[in-house]
Amino acid sequence: MGEFTALIHNENIKIYSRVRTWIMLLILAVMSVLLPALIYFTSEGDSSLMGLWDNFQMTVSIAFFLNTIFTVVVASDSVAGEFTWGTIKLLLIRPWSRSKILLSKYISMVLFSLLSTAVLIAFGFGASLIFSSSSGDTMSSITAWSPAEYSFLDLLCRYIELFLTAALAFMVSIVFRASGLAIGLSLFIMFAKSIFTVIFSPERFEWAQYLIFTHMDLRGYLLSDTGPGGSTLGFSIAVLAVYYILFLAISWIVFRKRDVAS
């Protein structure tokens with residue numbers, strides 16, 4: 001266990017020794033503070049200011065796109081970067097199995113996603129607390145959840161989507177050894193999933209209920225008990241879990257069989 005912990009530590013050093021990583025975290029922190037501040041300084045008096053949780057919700061909805069993009073960049077470069085820089089051979093000749101090496105890279109990527117999300121929450125909530133009105137939040141009138149409960153459940157749903165998108169990017173980077181392709185494909189799915197859901201609607205095609213992009217956005221279940229095509233929350237989670245296991249299984253199989261001699 002100690003050796004595996006050292007392996008994870010080594011992967012974290014690779015991530016956080018890059019200036020790019022700290023720039024991404026800085027941008028995320030600045031954006032999380034800037035959005036509530038802009039609304040505050042451009043509003044016309046206290047009556048037009050947003051409530052605390054409305055402000056926080058808006059900040060999360062915008063800044064989380066950046067959070068997903070930054071995590072995808074880290075996930076895509078985790079393995080593909082080793083091939084690009086030619087360091088994969090040096091890594092594999094060490095006394096660790098390929099499975100442990102791959103797992104350490106994946107865990108390090110997940111830890112980065114948790115850190116970036118924590119940065120978003122801390123700076124976004126702090127700024128919303130400072131630049132918000134003391135009046136009630138409008139979201140309390142459209143859901144049975146309290147504003148705080150709805151905000152953090154919404155955040156959880158967004159993180160699940162990020163988690164799956166990062167797993168997809170991780171898999172593509174291993175299969176094709178190209179971080180650019182992994183980033184591009186992951187972001188394409190992230191931005192185009194709503195269009196795919198409309199085109200391949202579960203109401204029109206029964207098989208569409210088993211497509212990943214039909215269930216990636218779980219936020220609809222916060223307002224309704226049924227999802228696309230009449231699916232339930234349990235069914236959506238099961239579909240996402242199958243895809244998640246498939247992504248990791250493909251990553252593991254390809255990485256273990258990958259020939260790095262050339």
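User: Great. What kind of model is this, and how are residues numbered?
Analyst: This is a predicted model, in which local features need pLDDT of at least 70, side-chain atom pairs count only at pLDDT 80 or more, and totals for chains, interfaces and linings use all residues. Residues are numbered from 1 along each chain as its sequence is written, and side-chain values use heavy atoms, with hydrogens and water left out.

User: How many helices and strands are there?
Analyst: The protein has 9 helices and 0 strands. Both are DSSP runs numbered from the N terminus: helices are H or I with at least four residues, strands are E with at least two. The C-alpha trace spans about 65 × 45 × 30 Å along its principal axes.

User: And what share of the protein is buried?
Analyst: Buried residues make up 47% of the 262 residues. Buried means under 20% relative accessible area, exposed means over 50%, and partly exposed is in between, with a 1.4 Å probe and protein chains only.

User: Which residues touch the most others in the largest nonpolar core?
Analyst: Phe64, Val79, Tyr106, Met109, Phe112 and Phe255 touch the most other members of that core, which has 59 residues. A nonpolar core is a set of buried Ala, Val, Leu, Ile, Met, Phe, Trp, Tyr and Cys residues joined through side-chain atoms within 4.5 Å.

User: What is phenylalanine 64 in contact with?
Analyst: Leaving aside neighbours within four places in sequence, phenylalanine 64 contacts Thr59, Thr117, Leu120, Leu155, Arg158, Tyr159 and Leu162. Contact means heavy atoms within 4.5 Å.

User: Switching topic: at what angle do H5 and H6 pack?
Analyst: Helix H5 (residues 98–130) and helix H6 (residues 147–176) pack at about 145 degrees, and their axes are 11 Å apart. The axes are lines fitted to C-alpha atoms, for helices over the stretch in contact, and angles run from 0 to 180 degrees between N-to-C directions.

User: Which residues make that contact?
Analyst: On the H5 side they include Tyr106, Met109 and Ile121, and on the H6 side they include Phe152, Leu155 and Phe170. The contact residues divide into 15 nonpolar, 2 polar and 1 charged. Here Ala, Val, Leu, Ile, Met, Phe, Trp, Tyr, Cys and Pro count as nonpolar, Asp, Glu, Lys and Arg as charged, and the others, Gly among them, as polar.

User: Now H9. What span should it have?
Analyst: Helix H9 (residues 233–257) has 25 residues, so at 1.5 Å a residue it should span 36 Å, and its end C-alpha atoms are 36 Å apart, which agrees. The expected span is 1.5 Å times one less than the number of residues.

User: Which of its residues are buried, and what covers them?
Analyst: The buried residues of H9 are Ser236, Val239, Leu240, Tyr244, Phe247, Ser251 and Phe255. Their cover includes helix H3 (52–85), helix H4 (88–92), H5, H6 and helix H8 (212–215).

User: Is alanine 241 buried or partly exposed?
Analyst: Alanine 241, in helix H9, is partly exposed, with a relative accessible area of 34%.

User: And where is threonine 214?
Analyst: Threonine 214 lies in helix H8 and counts as buried because its relative accessibility is 4%. Leaving aside neighbours within four places in sequence, threonine 214 touches Thr197, Pro202, Ala208 and Pro228.
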